[in-house]
Each structure stands twice: as structure tokens, then as C-alpha cells.
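Here's a quick tour of the chain on your screen. Take a look at the fold, then read on.

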Amino acid sequence: MHQTETTRGILLMLIAIATFTSMDALAKTMVADYPALQVVWARYTGQTVIVTLVFLPRLHQLLRTRHPGLQALRSLFQFGATAFFFLSLGHIGLAEATAITDLNPVLITLGAALFLGEKLGPRRLVGIGLSLVGAMIIIRPGLGVFQPAALLPLACACCYAAFALATRYVGRSEGSSTALLYSALFGTFATSVMMPGIWQPIASADLWKFLLIGALGSVAQFFLIRAFTVAEASAIAPFGYVGIIFATGWGVLLFDEWPDLWTVVGALVIVGAGLYVWHRETRDRPRHPRPE
């Protein structure tokens, strides 16, 4: 893969992760007052409205897909990732939930090698390994983080990895806008069916939150799909760990969840691993695209 494609994929991934963690922080404030699935509904319904308005002139064209089953499965995985993560926010801290979820790059890298035929070289293994060490330093298994509720972000990690691999596969032949639209429609339909039984009236003071979460989800989802479309999944997967850094920052600013020394150490390991992967992936690469 061309150097510029890898660099572009990394930058798109970082933008997506920064936006997603902003959305997650907003979701954590919302699930304190509303059912988690109602917040998920707002996230997907907002995305559906935004995507429909933006792409209205060619909406019919975007609905055409050569992989309807895979698009549906990909959307299901994304919905599962969002639902499991939002459900976890009512039980554990934002940084903790993000750290557990960010085990997904290991799953993505292995899955990309097994199912997509991507190279699993020593540089990527080192980057993944170091990032995993950093994540383990932060969550410190056995010291209070791994409670039953921690299974929710773990399920999110599995769904996210499957979503990323499916997105990479579909992205080889179809545009990001089609994937964005199908994800929005699926999530909106799935949550709308559940709303009659759990709906809670929205306070006027909270309307802006319900509008903003849809916008943040749309922007983040678009950049994430683009990232996995232009670059190999295993090359950009380690940068998902940067979400721990962003989530820790939001925890401090909004919830007074200050990181301890080990969280800082783990964060530094993660940043170092990401920089290492970026440096190695963009150096000494062939300057012509290789056959996929």
C-alpha cells in the first residue's frame, strides 16, 4: 500500500476516535437520566436524518449495494458495539470502559490476517503487543475493573472488530457513503422497535444533547469508514488505543475522574506504540500500490 494511503488512514482514524470519545462522553451524561437504548436511538436517528439530508439527491444510488447481506451484518455489528458500550457507561467509568473496549485492535489485526489476507508482520505485532501492554497497565485486571459490567465493553470490542473487518472488505468495492447510510438505517430501525416500551420524555433542557449525539456519531462514523477503506485494517488498528487518552481527558473534565500514575504510564506506552507503528509503516514502503 502506498505510504500516503497509510498516513491518510491513520489521520482519519485519529479524527474518528477523537470524535467518538466526545460522543461517548456526552452519552455518559445522558445515560444518567435516560435509558441507554434511548440514547442509542438518538445516536442512530440523528445519523439517519443527517445522512439523508446530505445525500438526498443521490439517495437511491447509495442504497444500491452488491453486498446486501454483508452490509446488514456489518451494520448489526456496529449497532452491537454502540449498544454494549452505552449500556456499560451506567456502571463503570468512561476511561475504564474505553480501555476494555480498546482490546479490539488485537482482534482486528488477527482477523485481518485470517480473513482478509493482510500481512501480519513483526512491526504490526510489536505495535499491537505494546499497545495491549499499555491497556493492561491502565485497566490492571484483578484490581477492581473487571466486574460483571466489564463484559459489556468486552462484547463491544468483539462487535467493533467484526464491524471493522467487514467495513474493510466491503470498502474495497463500495463507497463510504453507502456503508454510512446502511449503518444509520439499521440502527434506527432496531432501536425504534424498542422505544415504545422504554421511552422517557425528553426534557427541553436536554434536547441539544439528543441532537448533538447524532451529529457526532455521523461525523465519527464517516471518518472511521473512510479510514478502514483507504488503509489496511491491521496498519491502523493500533491507533484505536488512542481512545483511552481522549476518554481519560473527558473523564477529568466532565466527571472529575482523575487518572492515577499507572493510567498515565499506560497512556504513554500506548502513544509510543502508535508512533512506532506510524513510523515503521510509512518508512521504506513501496511507492506504488500493490495488488489487493
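Predicted model: local features only at pLDDT ≥ 70, side-chain atom pairs only at ≥ 80, totals over all residues.

## Contacts along the chain

Residues are numbered from 1 along each chain as its sequence is written. Local features need pLDDT of at least 70, side-chain atom pairs count only at pLDDT 80 or more, and totals for chains, interfaces and linings use all residues, while side-chain values use heavy atoms, with hydrogens and water left out.

## Helices and overall size

You'll find 13 helices and zero strands here; helices are DSSP runs of H or I with at least four residues, strands runs of E with at least two, numbered from the N terminus.

Along the principal axes, the C-alpha atoms fill a box of roughly 55 × 50 × 25 Å.

## What's inside

Of the 292 residues, 53% count as buried, meaning under 20% relative accessible area with a 1.4 Å probe, protein chains only.

A nonpolar core is a set of buried Ala, Val, Leu, Ile, Met, Phe, Trp, Tyr and Cys residues joined through side-chain atoms within 4.5 Å. The largest one has 56 residues, and Met13, Phe86, Ile108, Ile213 and Phe228 have the most contacts inside it. Helix H1 (residues 3-30) gives the most to this core, with eleven residues. Apart from it lies another core of eight residues, including Ile128 and Tyr241.

Key
Buried < 20%, exposed > 50% of the residue type's maximum accessible area, 1.4 Å probe, protein only.
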